[in-house]
2 protein chains.
Amino acid sequence: MNDTRDPGASPPELENPETTENLGGISPAFIAQFVGAVGDGDKPALWRTVKELHPADTADLLEHLPPEAFRKAIHLLGKHLPAEAVAELSDSARLDALHELTDAAVTAMIGHLDSDDASFLLNDMEEDRRARILNKVSASDRAAIESALAFDEETAGRLMQRAFVAAPVFWSVGQAIDHMRTVPEDDLPEVFFEIYLVDPAFRLQGTVPVSGLVRHPRDTPLQAIMKEAPVQVHPEMDQEEVAYLFRQYNLASAPVVDEAGRLTGMITIDDVVDVIKEEAEEDILALSGVSEAGVNQSVFSAVRARSPWLLLNLVTAFLASIVVSLFAVVIDKVVALAFLMPVVVALGGSAGSQSLAVAVRAIAERELEGQLARRAIRREALTAMINGALIACLAALIVLLWFQDVKLSLVMLVAMGATFMWAGLIGILAPLTIVRLGQDPAVASSVFVLTSIDMMGFFVFLGMASLTLV
Amino acid sequence: MNDTRDPGASPPELENPETTENLGGISPAFIAQFVGAVGDGDKPALWRTVKELHPADTADLLEHLPPEAFRKAIHLLGKHLPAEAVAELSDSARLDALHELTDAAVTAMIGHLDSDDASFLLNDMEEDRRARILNKVSASDRAAIESALAFDEETAGRLMQRAFVAAPVFWSVGQAIDHMRTVPEDDLPEVFFEIYLVDPAFRLQGTVPVSGLVRHPRDTPLQAIMKEAPVQVHPEMDQEEVAYLFRQYNLASAPVVDEAGRLTGMITIDDVVDVIKEEAEEDILALSGVSEAGVNQSVFSAVRARSPWLLLNLVTAFLASIVVSLFAVVIDKVVALAFLMPVVVALGGSAGSQSLAVAVRAIAERELEGQLARRAIRREALTAMINGALIACLAALIVLLWFQDVKLSLVMLVAMGATFMWAGLIGILAPLTIVRLGQDPAVASSVFVLTSIDMMGFFVFLGMASLTLV
């Protein structure tokens, strides 16, 4: 790992192989050194370090700092902090960093970024500070950023950048290349994977991968090598739809067109990868009743992200306990019921969670549409029946051995079987219903599914017990 | 939607905008028509349909067919089935399709695919059929596929393709472009986003994005515009590591080098996107005790994927019920305990699941290393304390109102508070410990965490009750 304060350090270079080869990037010793340099106010060492690191690693390094050192580091780095590193910070760290930076430093960063990242930085900023900064950037950057911010969050309009390469449909390969060699560097996107062919009204006609430009002779008409874009993304499209299209059609980038078919922007895979990852994480968290999580999340924010589900769960848990209280008489007579009823609902809950996780995954994959939904429901019912029979028989056997009571064992058998069937069915029907109602199945399903299983499990088990055992 | 048997249908084209604009692609009416054409054995209609559809949509269409129609469709399509569509099928459907196809059809497909996709098709095939097919493909394809299959599954070696563009480090932009225009089309990858610069020993020196070739004059030395590769992937690297690097450094493709630093392959983002999605899905399913799921999964496979966890859960649930049975005397005296004990463990279990989901997400994001782990443990403890205090007070209040019993209410208060603390801590410490032991925290944590919370909750609640209420 690099010693940031070694005066004989090698000259700064864009990538530091020692750092990037070390997966996860940042060793504790390196962080300690960096914290030391922050403490000493050793600006040159800090500047050199962030110059040598990849921006993504700089972001990681900063996030590993204790809050106080983080703020001081941002302050000391100032305009030497690469814009890309700020864009890579987690939401809360990005807000803190922007708070520390001067307007001038933020303005310089905005100038360096593609319009999608620039609007991302300005998104959560207070109205008047944003206006102040936008006033200082170039008119074209300002227009691009303002139009991006006009789209709803989590839409294609926010993901897309305004810089892309378009060429008239009648040009040749050579004309396109010559054009790119003559326009000012700043008018081209930093990286691009395809160019877009347009008619005189700027309506999208087709796409040519950049690799197509370098593999065909200069006199090849672009029209001869263009392909129709497999998808046309509209700016209002939900980012989850965009991510689906990128995955479905293995895209590296996609054109964004307005309702008249005019080319207005380009979305690249790096932004979509973040969306794919975020959406999957949201599902993981939502299934467990967490609305938000992140590195360095504050305790307050963690409490707020989790308490609503717990409060709802408190209500539902007491509903289940009311079901139990209906059978006070039989529990009073056969105390073993109190030992066994948690087994019934624990296993039922597990089976329901399994069915639910499978359904939520399948819905995210669009595997539960039409015919496939019916087949999946049948599969879940059969799986619940088989697993239910297996587990119920074993549980009944254990009860028989433990309590030497055939009737109690039979009650266990039937109650567990019924609870499993219910768990399997509700575990797939609840998310399917919720998605038809236009809600997110990962968020809304868990509590319904688990509560209904608890109530059903207690009711069937204790109800059958009071019919047969008293 | 297209009528596949309309004699006046528009001429076949690569992309059908009507189909691809319809998200999820395939309407029930379209499937019904296709099933009709399969039933009639109307080969020309089938061929035309798959020619018009994007291969990914063809794969979706085929997966929506009932099993019998699926097999017949594959049979009727034969060599007209695009290789890319087969590569896009889900695991089980791909195996079924390959089973239906003749050796000749599979051989033709292998010739069309990049080496990573080709080896993917051949991976699960019986030994002798694979040998038969490999004997019929070109020697260079065979070598590429065999060396890919020599790497472990889920490694970079399996993801990478053998076709890439490399140029000597001393060439100019013009020389590189001329080279690509003269080599046979088949020697270049289908799409590529960067070219690799190598020394005479084929050791990787740097990369140039293809967009860099078309924005710089022909006489620019490649060395002047090359960048050091932000990462060097080794063929043995786990695919999860590869996915992390692509996300961390916003890569569209990455070179793969052997231990001597020689360039051996290229990984492109489309393959990595599938890995990212798969790994996230595995975590969702594993947290709920499901080892595998998929569209058209058979009931048998679903039972096998879920029963191990249920069996383990049966054992742990009875362990918890033994804890309850230790307190038979007090339950017999105060039957209300039987109503309330499920509330304690239900809420504790929810808090534990929340903490666990947050930890599993953070581990996947590499956010729990070094300093950050300590901070996260502190946050989870504080969050559990605050949420625990909140929920325990409310629960105690409900108990007081319901049973008018101050002592019982106090038992509830203390037991729930303690269970929450335990849940919060075990929810983060268990996955952290499991990951240090080299195991997957998503798979192994759930059952430990939830069982320990159940046992702790029952023990504290009933233990305190027997000390104070009898």
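Biologist: Which residue in S3(A) does Ile195(A) stand opposite?

Modeller: Ile195(A) stands opposite Val208(A) in this predicted model.

Biologist: And how do the two strands pair there, S2 of chain A and S3(A), parallel or antiparallel?

Modeller: Antiparallel: strand S2 of chain A, residues 194-198, and S3(A) are paired over 5 bridges. In general, strands of a sheet pair through backbone hydrogen bonds, and the sense can be parallel or antiparallel.

Biologist: What sheet do they belong to, and what is its strand order?

Modeller: An open sheet of 3 strands in chain A, ordered S1-S2-S3, with mixed pairing. Its edge strands are S1 (166-168) and S3 (204-209) of chain A, each of which pairs on one side only. From one strand to the next, the twist averages 35°.

Biologist: Let's hop to chain B. What is the order of the strands in its open sheet?

Modeller: Chain B has an open sheet of 3 strands in the order S1-S2-S3, and the pairing is mixed. Strand S1 (166-168) and S3 of chain B sit at the edges, each pairing on one side only. The twist there averages 35° from one strand to the next.

Biologist: How many bridges join S2 and S3 of chain B?

Modeller: There are 5 bridges, in the antiparallel sense, between strand S2 (residues 194-198) and strand S3 (residues 204-209) of chain B. Tyr196(B) has Thr207(B) as its bridge partner in S3(B), while Val198(B) is partnered by Leu204(B).

Biologist: What sits between those two strands?

Modeller: S2(B) and S3(B) form a hairpin, with 5 residues between them. Phe202(B), in the turn, has a positive phi of about 65°. For context, most residues other than glycine have a negative phi.

Biologist: Where is Asn250(B), which also has a positive phi?

Modeller: Asn250(B) lies in the loop between helix H16 (239-248) and strand S4 (253-257) of chain B. Its phi is near 50°.

Biologist: Is Asn250(B) buried or exposed, and why?

Modeller: Asn250(B) is buried, because 21 other C-beta atoms lie within 10 Å, and the cut-off for buried is 20 or more.

Biologist: Back in chain A, where would I look for Glu154(A)?

Modeller: Look in the loop between H11 and helix H12 (156-159) of chain A. Glu154(A) is not a glycine, yet has a positive phi of about 65°. With 15 C-beta neighbours inside 10 Å, Glu154(A) counts as partly exposed.

Biologist: And which helix holds Glu146(A)?

Modeller: Glu146(A) is in helix H11 of chain A, which covers residues 139-149. Glu146(A) has 14 C-beta neighbours inside 10 Å, so this residue counts as partly exposed.

Biologist: How many Å separate the C-alpha atoms of Glu146(A) and Ser211(A)?

Modeller: Their C-alpha atoms are separated by 33 Å, and the two residues are 65 residues apart along the chain.

Biologist: Let's zoom out. How many helices and strands does chain A have?

Modeller: Chain A comes to 23 helices and 5 strands.

Biologist: What domains does chain A have?

Modeller: The domain assignment gives domain 1 at 17-151, domain 2 at 166-284 and domain 3 at 299-468. For domains 2 and 3 of chain A, the C-alpha centres lie 49 Å apart.

Biologist: How does the radius of gyration of chain A compare with that of a compact globule?

Modeller: Chain A has a radius of gyration of 30 Å, whereas a compact globule of 470 residues would be near 23 Å. Along the principal axes, the C-alpha atoms of chain A fill a box of roughly 90 × 60 × 40 Å.

Biologist: What share of chain A counts as buried?

Modeller: Of its 470 residues, 52% count as buried. On contacts in chain A, take those between residues at least 6 apart in sequence: 72% of them join residues at least 24 apart.

Biologist: One last topic, the two chains together. How many residues are in contact?

Modeller: On the chain B side, 106 residues are in contact with 106 residues of chain A. Helix H20 of chain B, residues 336-364, gives the largest share of the chain B side, with 18 residues.

Biologist: Which classes of residue make up the side of chain B that touches chain A?

Modeller: That side of chain B has 65 nonpolar, 22 polar and 19 charged residues.

Methods. Residues numbered from 1 in each chain as written. Chains lettered and ligands numbered in written order. Predicted model: local features only at pLDDT ≥ 70, side-chain atom pairs only at ≥ 80, totals over all residues. Pairing = 2+ DSSP bridges. Helix = DSSP H or I, 4+ residues; strand = E, 2+ residues; numbered from the N terminus. Domains from an automatic or database assignment. Axes fitted to C-alpha atoms, helices over the stretch in contact; angles between N-to-C directions. Rg over C-alpha atoms; globule rule 2.2 N^0.38 Å. Buried ≥ 20, exposed ≤ 12 C-beta atoms within 10 Å, placed from the backbone. Contact = placed C-beta atoms within 7 Å. Nonpolar A, V, L, I, M, F, W, Y, C, P; charged D, E, K, R; others polar.
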